[in-house]
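Student: Please take a close look at a single part of this model. I would like one connected account.

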Amino acid sequence: MPEDLKTAQLALYGGSPVRSELLPYGRHHIDDDDVAAVTRVLRSDWLTGGPMVGEFETAFARAVGAAEAVAVSNGTAALHAAMFAIGVGPGDEVIVPPMTFAASANAAVYQGGTPVFADVDPGTLLIDPAQVAAKITPRTKAIVAVDYAGQPCDYDALRRVLAGRGEIKIVADACHALGARERDRPVGTLADLNVFSLHPVKHVTTGEGGVITTEDPALATRMRMFRNHGITVDDRQRGAKASWIYEIVELGYNYRLTDVQCALGISQLGKLAGSIARRRAIADEYGRAFASIPEVRPLAVRPGATHAYHLYVVRLDLPRLSADRATLFAALRRENIGVNVHYIPVHYHPFYRRRFGFGPGLCPVAEAAYEQILTLPMFPTMTGRDVQDVVDALAKVVEAFRHEDGAARRR
Ligand SMILES: *Cc1c(COP(=O)(O)O)cnc(C)c1O
């Protein structure tokens, strides 16, 4: 069939779409147990600052095998609390990858620190330890390593790079990677501080919410103070002592997570293992299907890593196609496949250009990847039909834009 007949079948050009309703790239799942857990707390004495917070922290710490878990109001607050706890301040540099949500870097800026972008590995898009080594200076205070898409960074390699370079802390932005592992070691135990988000697109949700896990009880205490205005005792402790005394010992914030949310979090945690298994099964189906569509290349998975597949990201082999990524993106959306792009490199954003003078050219690997990547729908309640729709739509769109001779014509 000539190329123009195939393109005419695309919904983008008036053809009928692969499915009639948009399939989103991510979606939460709330069941009756979740609703019942929330309802119980709504009828209880404590809506916030009550017993569910500690119960959720204990359940979360147990779920990832960590000594301590600190619950806060969202993942960004969790990153901020981590930067505070390790003492990031003005003049300090924090090394961070550009292929992430801006909050990973913003948190250092909140504390007056300077983000230093280190490029990513071209196969996995995880921060490249060799690039980290090249960016360390006497002012480096921390590394924020992002477990992009849901697989852990190579923390052993990062530690080797840091050995003998002073007191540099490793913070894992594990917002994508709850339920992932490095061999038998769960994400949540791999870095000094491990940060999670409980936003509805993530593995476990409380509406908004965040958690930091650590093996260090002193850091946990600092973060519990930070989330409560920098006050040393909380309401319940004061009530128990029948005292009005409290002291603000640091500049903290109101980053508390409510008991209502914590009850939802406990209920959601019970379903984590099942939802990760479903995400992995969907990833396997995608992988099998794309083996016969050479223009669609799933990202590499590190040996030893057990992926949690918050995102399923593919690279498009654009030189084999007669359309750019924007056209392919638009074509897939019109087929009602809710594709997305994660992420615009953080140093491209106007704030980072203006404040720090960053811009294109800083991290060539991430910048090249950004032109080629596409995030496909991935959430545990996707049906087999949904998965097949994604595969069919990609096959349809790639077929329509594939060069006739199969050779690379552009770039
Ligand atoms: C979701 C996310 C955050 C922020 O979490 P919120 O709960 O939305 O504040 C930070 N970093 C990464 C990599 C994320 O995906």
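Tutor: Start with arginine 227. Leaving aside neighbours within four places in sequence, arginine 227 is in contact (heavy atoms within 4.5 Å) with Val53, Glu57, Val70, Ala71, Val72, Tyr253, Asn254, Tyr255 and Arg256. This is a predicted model: local features need pLDDT of at least 70, side-chain atom pairs count only at pLDDT 80 or more, and totals for chains, interfaces and linings use all residues. Residues are numbered from 1 along each chain as its sequence is written, and side-chain values use heavy atoms, with hydrogens and water left out.

Arginine 227 sits in the loop between α8 (217-226) and α9 (235-241). Helices are DSSP runs of H or I with at least four residues, strands are runs of E with at least two, and both are numbered from the N terminus. Arginine 227 counts as buried because its relative accessibility is 12%; buried means under 20% relative accessible area, exposed over 50%, partly exposed in between, with a 1.4 Å probe and protein chains only. One of its contacts can be described by atom: the side chain of arginine 227 reaches the backbone oxygen of alanine 71 at 2.7 Å.

Now the sheet. Three strands form an open sheet, ordered β10-β12-β13, with antiparallel pairing. Strands pair if DSSP finds at least two bridges between them. β10 (296-298) and β13 (373-376) stand at the edges with a single partner strand each, so one side of each is left without a neighbour in the sheet. β12 (residues 312-316) and β13 pair over four bridges. Arginine 315 has isoleucine 373, in β13, as its bridge partner.

Methods: A polar contact is a pair of N or O atoms within 3.5 Å; within protein, one must be able to donate a hydrogen and the other to accept it, and residues adjacent in sequence count only if both atoms are side-chain atoms.
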